[in-house]
Amino acid sequence: MHAEQLTRALIRIAPLVLIVVLWETATLGGLVNTAFLPSPVMVFVALADLLNGGEISKNLFITLFRAGMGLALGAISGVWLGLMMARSTKFRAWVAPIVGGTYSLPKSALIPLFALWFGIGNITAICAVYLACLLPMIVNTFQGVISTPKVLVWSAQTLGTGERQMLTKIYLRHALPDILTGLRIALGFSFVLAISSEMIASTSGIGKLVFLYGENGAYDYMFASIACVVIIAFMCDRAMVALSDWYLRWHESAEKGDAA
Amino acid sequence: MTPREGSEPSRKAGLRWRSVASVLLLLAIWEAAARAHIAPPILLPAFSVVAVALARVIADGTLPADLVLSLYRAFVGLDLAGASGILIGMLMARNRAVRWLMDPLVALGFPSPKIAFLPVFVLWFGIESLSKILLVAFACVLPIIIGTFNAARAVNRVLLWSAFSLGTTHQALLVRVVLPACYPRIFATLRIALPVALITTFTAEMVAGGGGMGATLVYSQRFFESPTVFAYILVMLGIGLVLDAGVRAFQHRYLAWAEG
Amino acid sequence: MIRPKIEIRQISKSYATDRGAVLALRGVDLGVADGEFVAIVGPSGCGKSTLLYVVGGFLPADGQVLVDGNAVKGPGTERGVVFQEYALFPWLTVKANIAYGLERQGVPATQREQITKRLIGVIGLNDFENHYPRELSGGMKQRVAIARTLACEPAILLLDEPFGALDAQTRETMQDELLRLWLASRKTVLMVTHDVTEAVYLSNRICVMSARPGQIVEEFKIELDRGKSREEIFLSDAFNHLRNQVWLSVRKQVLAAEGKNAR
């Protein structure tokens, strides 16, 4: 079984290996100007150096902290807001237009505003991430809760479920697949906004690092840092998917058909 | 939430009334808070002051120029992404070799924050429009590929079989049956990609300059011209709303045949 | 001896699943004469739909299917198909759906218009010709699907549980319409259904299939006076006797399948 899984994994990675090989060959053959595109080997060396020196881990940790904080806060408030909106038509009536309106606002546009208010640093980044994560969590929680079939609620009632328990054991439980989908989306946003904030208004973090390397012409380090970001984001996403799958194994809609 | 499509006119009117009321209320609170000097005017200029600043940037041509430039970049990038994304998605659905090649690229690329690649695009294509257009295309193409691929694979086989029985050739099948069957889902993906295009454009402009809404926004922040900052954010919000309404109108007009 | 319109010879078909190969059909032989209405019945999952898809040319299989003596290599306009799920093109109006096959065949516009209009009249949907499928009821959709198939004037009609998705009353109406159409045109019809009553009512020969792997285990010749009304037919002894026989035969197959599983 494991050998089969291994071969399958290798086949999936093969195109990447192919591209790296082609890239290296092109560089060696002089087709590529290393001033614009450092060779894979150069990038790898830079990556090793970064990992050794702790430069990357320090900044990566800062970025992950910002993204994580914003995500956690956004998720908790988002689920609560979505739940309230689904359960109270009055609440929904007043809040929905605001939520709908902010959907159209690119949250990164608020980064300069937050920089104006909170200066350059963690608060700005966390605020930006928070707001960006809020929306998908609200929308998905709302959708999940509002679609709870009446027959489920009625069955629960005849089985003696109290009001408080209804919220947690029935509505939220039913909404869980949607909430997890929203969380995956919010995770993606958290990375984007954390890095955007760092590029626009920060002195630390991996976004800033990439930007600085670019400005100073250390392109192999720049590519190496970007590679780090891509890999970390990918791993976090995979972890999120694995978590969702594991948690939802009882749910009918747990399918693995999509490409991503 | 955005009003459910096709709700009765009275419900729509009620919702719109509420939206307007919410907005007016917020504006009133804003104005009152600013006048009461809850925060220094530099952090919270009154809405009236912002309105004046807005009028100024429209009149002196800054805003129109920036807006046109940003929208141009966003739309060209989105078009590029759309054309290539749909093509690649369809090819992936049809051809196993293409699918094998693209699979790891899509899987890796999808969760990664595309903005992290901005310095690469700037390195290769400068700080003018080209780098931003290509970054936007890069950011939008992946969800479009995934959406198209999933849509193409999900086309019900009885639809294809009926088409064959009615004399459709294999070559004609793609254009006559697969593509039209996928329109609703592809359109939904494009609809999601639109805000991504805008966000990426604005953020790229904020980080790398080169004109456009984002660049002016960041300059205003750096020079503490808060009324302009607020004004630009409001315009971005407005643009988002207008475009979303436009997209919905288009969907209503041309995709009325789609289920749901 | 006149050659049968459709000759199904030793058709076998297996599917690959996660748990290995599954044999859906085993050595099925069947001949359908020109103008015959043959119904295939059997327990769920016995492969009757699969057999129909093979005849339609959508699925490859071991063995041969001959139509007018020629081997079937793929789908073709001489074998019209109607699916349970209607399979209408949602982006085309009723009119455009019906005209689709004619367009594919290069029929000139005026002729297309004529044929389409006539068929829309036949199915009684004149007021709906510019509607989209999603605006139609199940019965209406199925009518459009049938009209679309008939537009190309296929000599053979393959019907895969065509009324399975409809409610009981609509089903009865559609059955009568199908009967009317068949009596008027005398096309060769091969229909798959799980409804024994429907099979007896419509067809003049019923083939009973065993559970998977499917084989034809029994045949019934149906000779009813179709000039009579539905009420007269349903209340007649001949009809009920036939229906009971066929039902019993299918029941035997269902029990055999369960017995197999129970072991």
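**Chain C**

I began with the overall size of chain C in this predicted model, and I noted that its radius of gyration is 19 Å, which agrees with the value near 18 Å that a compact globule of 263 residues would have. I then looked up the extent of the C-alpha trace of chain C, which spans about 60 × 45 × 40 Å along its principal axes. For the secondary structure of chain C I wrote down eight helices and ten strands. I also looked up burial, and found that 41% of the 263 residues in chain C are buried. Taking the contacts in chain C between residues at least 6 apart in sequence, I recorded that 70% of them join residues at least 24 apart.

**Helix H8 of chain B**

Looking along H8(B), I found a kink of about 50° at Tyr183(B), shortly before the proline Pro184(B). After H8(B) comes Gly209(B), for which I noted a positive phi, near 70°.

**Where chain B touches chain A**

Lastly I looked up the contacts between two chains, and found 47 residues of chain B in contact with 48 residues of chain A. Among the elements of chain B that give two or more residues to this side are helix H1 (9–35), helix H6 (129–153), H8 and helix H10 (226–254). Sorting the side of chain B that touches chain A by class, I noted 35 nonpolar, nine polar and three charged residues.

Terms used:
Residues numbered from 1 in each chain as written. Chains lettered and ligands numbered in written order. Predicted model: local features only at pLDDT ≥ 70, side-chain atom pairs only at ≥ 80, totals over all residues. Bend = angle between axes of the 7 residues up to and from the residue. Helix = DSSP H or I, 4+ residues; strand = E, 2+ residues; numbered from the N terminus. Rg over C-alpha atoms; globule rule 2.2 N^0.38 Å. Buried ≥ 20, exposed ≤ 12 C-beta atoms within 10 Å, placed from the backbone. Contact = placed C-beta atoms within 7 Å. Nonpolar A, V, L, I, M, F, W, Y, C, P; charged D, E, K, R; others polar.
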